[in-house]
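I opened my notebook today to get to know a structure that is new to me. Here is what I looked up, entry by entry.

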Amino acid sequence: MFISGTIGFICFAKSIVLPKIISDALQFSSNTTVCLSMIYIGFLLAEANLKEVMKDKEVYIFCILSLIITPIIAKAFGGLFLDGMPLAVLVILMGTPAGALLPSFVESYGKSARRASQYVFMSTILSLITLPLVAEFLCRS
């Protein structure tokens with residue numbers, strides 16, 4: 001993953017345009033990756049007991065940290081260097097739910113993909129409440 005990220009950064013920095021056949025293949029791959037990760041999360045959640053997930057304090061701590069505390073920190077520190085739309089984009093981005101690829105990354109490091117899918121599920125549900133609050137926080141300050 002590091003190598004592909006480095007290659008992507010070099011292509012971006014040097015404005016290298018890939019041949020259409022490679023570009024199309026990479027675009028197709030990126031489109032299917034998100035879909036496959038969502039299907040994978042669905043399989044993991046199908047095995048989970050949602051009542052237990054809803055009662056799990058660690059999931060809520062993760063959600064509070066990622067959906068509320070992180071945007072506040074981003075606003076505080078980002079406000080030192082940015083203002084206007086770039087700052088708003090940074091803060092909103094930091095308040096979005098956990099990515100759908102999280103379970104795949106976690107599993108590649110030998111951790112519980114089921115647990116990560118619970119984080120994705122709950123952070124997505126709770127973001128319905130927290131994202132408008134983060135937007136309001138941006139408008140008020």
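Which helix gives the most to the nonpolar patch? I found that helix H4, residues 57-78, does, with eight residues. I kept in mind that this is a predicted model.

**The patch.** I listed its members: Ile61, Ile64, Leu65, Ile68, Ile69, Ile72, Ile73, Phe77, Leu80, Phe81, Leu82 and Phe137. Together they have about 1100 Å² of accessible area on the surface. I picked out Leu65, which lies in helix H4.

**Helix H4.** I checked its span next: the 22 residues reach 29 Å from the first C-alpha to the last, close to the 32 Å expected. I also noted a kink of about 35° at Ile69, shortly before the proline Pro71. Pro71 is itself buried, and so are Val59, Cys63, Ser66, Leu67, Ala74, Lys75 and Gly78 in H4.

**Helix H7.** I then turned to residues 113-140, the 28 residues of H7. At 1.5 Å a residue they should span 40 Å, and the end C-alpha atoms are 38 Å apart, so the two agree. At the start of H7, I saw a side-chain oxygen of Ser112 within 3.0 Å of the backbone nitrogen of Arg115.

Where is the kink in H7 centred? I found it at Ser127, with an angle of about 50°. Ser127 is also one of the buried residues of H7, a list including Ala113, Tyr119, Met122, Val134 and Leu138.

How values were computed. Residues numbered from 1 in each chain as written. Predicted model: local features only at pLDDT ≥ 70, side-chain atom pairs only at ≥ 80, totals over all residues. Heavy atoms only, no water. Helix = DSSP H or I, 4+ residues; strand = E, 2+ residues; numbered from the N terminus. Expected span 1.5 Å × (residues − 1). Bend = angle between axes of the 7 residues up to and from the residue. Buried < 20%, exposed > 50% of the residue type's maximum accessible area, 1.4 Å probe, protein only. Polar contact = N/O pair within 3.5 Å; in protein donor to acceptor, adjacent residues only side chain to side chain. Patch = residues over 30% accessible without salt bridge, like charges linked within 9 Å, V, L, I, M, F, W, Y side chains within 5 Å. Areas by Shrake-Rupley, 256 points an atom, 1.4 Å probe, with all protein chains shown as cover. Salt bridge = Lys/Arg side-chain N within 4 Å of Asp/Glu carboxyl O.
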